[in-house]
Amino acid sequence: MTLASIQAAESKLLLQTYERNPHLIVSGNGVYLTDGDGRDYLDLLSGIGVSALGYRHPAIEEAIRIQSTRLLHTSNLFYHEGTAELALRLTEISGLDRVFFCNSGTEAWEAALKLARAHAGVLRSEGKQVGTKFLALEHSFHGRTMGSVATTHKEKYREPFAPVMPGVEFVRFNDVADLRSKFSKEFCAICIEPLQGEGGIHPVTQEFFAAARELCDSTGALLLADEIQSGMGRTGEWFAYQHYGIMPDVTTVAKPLAGGIPMGAMLCSEEAARAFTPGMHGTTFGGGPLACAVAIAVIDTIRATDLLAHIRDVGGYFKSKLKSLAEQHDCITDVRGMGLMLGIELNSSELAKNIASQMMERQIIINRTSENVLRFLPPYILERKHVDIAITALEELLTSNAAFAGVTSTGGHANG
Ligand SMILES: *Cc1c(COP(=O)(O)O)cnc(C)c1O
């Protein structure tokens, strides 16, 4: 099928939930994707932070090959070989005690919300005063299901589906005074992305994160860290909270967890875990043999090839190059992020849209988020030479867009 025939068919057959880039991707290798005409694209987005080891990684191919000859699914009515092995690795790298497996980010976050409610119930039964409300942050993104979307700040995501889960309040981002004044015993949890992704690559401050930890400790409420985008090594540590030296009670992971196979997980402390008893929560597919085998291969590869150090190196190089771009181009108003989760803020959303689509024309995939932020979430195996290619292209585009200010673009943009 050609791109045009697929576009025509999709426009009739699919719900119109996505604004796709007009490109048909058929294969990938390393940090490159290939379209139906055989054109290669340098991928600085990795499918919104998913394809952490790039494409056709031998460790992932081998794990899929072996597991496909043995067992794809068991249901959670039986044991299989992967769950404990993967949970052992996840608890080692996170410092948390127990794991619940699921299939996506929003499911992991739903599990976290349900655990916080159930945990508050346990505390109440023990005579403590802990309510049922959630305190979330402005510009947060936690997913699209009814609970996750209720804790997601953007009204456009929530309003059409009202009433979503009630009992959520939002704190101004990094405003410690607002956090302290809004928090009370009515809350069962504070919800934080240590490094906001969809919100525009904004890190929480040390003071804000520490205040949230302290407030939760004062009542028994849980500190929930959503690391669905920032976790599993993306920032150069296994988890973004490790940059702060602050332990959450719960964290959620998904996107890169199984290198492209759908999988999510909620990790929590022993204290929080006691709130779930058999039958209270579950999933048919979660923690299946295939996803577990691939996630184990991903973690073992990150460890064996010291990819965290590589991410810190290449990410640091990337960020320094973006900073020098910002010094030369006034239209770049900020450079943010850690490791290979980076963003540059531009002074115009139209410019950001143009640059993203013009990069695509130059066969380099980036993404625009939060209107005027260009986001980079490349595979962890990205090398300095790829950064140089991207920086050269960005430099040229920023220069030509400044010269021809007002130029409009015809291409679509990749807005995750
Ligand atoms: C992507 C994302 C989610 C939702 O994950 P899905 O797999 O799309 O449901 C939740 N939280 C954060 C921080 C994310 O980046």
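Trainee: Is His-119 buried or exposed?

Mentor: Buried means under 20% relative accessible area, exposed over 50%, and partly exposed in between, with a 1.4 Å probe and protein chains only. His-119 has a relative accessible area of 2%, so it counts as buried. Mind that this is a predicted model: local features need pLDDT of at least 70, side-chain atom pairs count only at pLDDT 80 or more, and totals for chains, interfaces and linings use all residues. Residues are numbered from 1 along each chain as its sequence is written, and side-chain values use heavy atoms, leaving out hydrogens and water.

Trainee: Which residues does His-119 touch?

Mentor: Contact means heavy atoms within 4.5 Å. Not counting residues up to four places away in sequence, His-119 touches Gly-220, Leu-222, Glu-271, Ala-272 and Ala-275.

Trainee: What joins the side chains of His-119 and Glu-271?

Mentor: A polar contact is a pair of N or O atoms within 3.5 Å; within protein, one must be able to donate a hydrogen and the other to accept it, and residues adjacent in sequence count only if both atoms are side-chain atoms. Here the two side chains are joined by one of 2.7 Å.

Trainee: Now the ligand: which polar atoms are 2.8 Å, 2.7 Å and 2.6 Å from it?

Mentor: A ligand oxygen is 2.8 Å from a polar backbone atom of Thr-106. A ligand nitrogen is 2.7 Å from a side-chain N or O atom of Asp-226, and a ligand oxygen is 2.6 Å from a side-chain N or O atom of Lys-255.
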